[in-house]
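Hi everyone, thanks for making time for this one.

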Amino acid sequence: MSKEVLLKIEDLKVNINNNEILKGLNLEIKPGEIHALMGVNGAGKSTLVKTLAAHYDCEVTGGKVTFKNKDLLEMDVSTRANEGIFMSFQSPVEVPGVNNSYFLRTAMNAKRAYEGKEELDAMQFLKLVKEETNKFDIDRKLLQRDLNDGFSGGEKKRNELVQLLMLNPDLIMLDEIDSGLDVDAIKIVANVINSMLDGKKSILMITHYDRLLELIKPDFVHILSDGKIAKTGDYSLALELDEKGFEALGINNANS
Ligand code: ADP
Ligand code: MG
């Protein structure tokens, strides 16, 4: 029996600053699947996940995207989050003046309200955050500060993990969450992600590094080139890429 589809992207075309970056991209993700997206710098990897998260940089000019059989492109950014889409940014934005803990509780409660659940008060929220962060040895001090304000690169990525754990999404999109992290921090990322995998949650992760893929084994590896998925394989494609490079696989630097 074939499984239902969580995310279906058909012939997606996206402009950034009036330049066509995605030129008819197709991709299908089923519940429980782990997809890795690779490609040279500037290929449009971030553009794809930003488009799915409704980032204002990305102008959709064609195509169709369905999430849980609903029209994703019709949904505003908060509806997408409430429906279970999560994106960890390549460079998380600093928001001085917005307390991190307050921000996260507000986001959680918005999602809970959408799901018809009761709101969490400050005590209940703290208890949950403690339970989750304790499992992974994640420092909670960051919660007392303003959102990403003055956080180091590694701290920003850890904070994304706390959000991920608390928001418990169905589609987890990770844009180079491993970049700038040391080996131990990458292990924490992998532990968090792997602990969340329940056969239903799906992952779309962008990475250049083998290490993360060793720890979170993808079912599919896609190479994005010239605005489309140029090649799809299994984990061995990532290994081949690491060994031979993009050019040897016939992937050119189309966007440079
Ligand atoms: P990748 O993540 O694969 O490295 P991106 O999706 O970030 O690539 O970028 C794709 C292309 O879009 C690049 O040529 C990049 O310079 C361009 N681009 C991305 N964001 C912007 C922006 N805000 N303004 C102008 N060009 C952009
Ligand atoms: Mg990128």
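**Helix packing in one chain**

Let me begin with a detail I like: helix 3 passes helix 5 in a right-handed crossing. Please keep in mind that this is a predicted model, so everything I show you is computed from it.

Let me step back to the whole chain for a moment. DSSP runs give us 8 helices and 12 strands. How does the radius of gyration compare with that of a compact globule? For 256 residues, such a globule would have a value near 18 Å, and the chain has 18 Å, which agrees. If you are setting up a box, the C-alpha atoms fill one of roughly 55 × 45 × 40 Å along the principal axes.

On annotation, the unreviewed UniProt entry labels residues 7-251 as "domain: ABC transporter". That span is 36% helix and 29% strand, and its end C-alpha atoms lie 26 Å apart.

Now back to helix 3, residues 100-114, and its partner helix 5, residues 153-167. Their axes are 10 Å apart, and the packing angle is about 30 degrees. Angles under 35 degrees count as roughly parallel, and therefore helix 3 and helix 5 are roughly parallel to each other. Who touches whom? From helix 3 we have Asn100, Phe103, Leu104, Ala107, Met108 and Lys111, and they meet Asn159, Val162, Gln163, Met166 and Leu167 of helix 5. Sorted by class, this contact has 7 nonpolar, 3 polar and 1 charged residues.

Helix 3 has another neighbour to look at, helix 4, which covers residues 122-135. Here the axes come within 11 Å and cross at roughly 100 degrees, so helix 3 and helix 4 are roughly perpendicular to each other. Ser101, Leu104, Arg105 and Met108 on the helix 3 side meet Ala122, Phe125 and Leu128 in helix 4. That contact divides into 5 nonpolar, 1 polar and 1 charged.

Finally, helix 5 and helix 6, the latter being residues 183-196. Their axes come within 11 Å and cross at roughly 10 degrees, which means helix 5 and helix 6 are roughly parallel to each other. Arg158, Leu161, Leu164 and Leu165 in helix 5 meet Ala185, Ile188, Val189, Val192, Ile193 and Met196 in helix 6. By class there are 9 nonpolar, no polar and 1 charged residues in this contact.

Terms used:
Residues numbered from 1 in each chain as written. Chains lettered and ligands numbered in written order. Predicted model: local features only at pLDDT ≥ 70, side-chain atom pairs only at ≥ 80, totals over all residues. Heavy atoms only, no water. UniProt positions renumbered as here; feature names shortened; annotations may be inferred. Helix = DSSP H or I, 4+ residues; strand = E, 2+ residues; numbered from the N terminus. Axes fitted to C-alpha atoms, helices over the stretch in contact; angles between N-to-C directions. Parallel < 35°, antiparallel > 145°, perpendicular 65-115°, else oblique. Left-handed = near helix turned anticlockwise from the far one by under 90°. Contact = heavy atoms within 4.5 Å. Nonpolar A, V, L, I, M, F, W, Y, C, P; charged D, E, K, R; others polar. Rg over C-alpha atoms; globule rule 2.2 N^0.38 Å.
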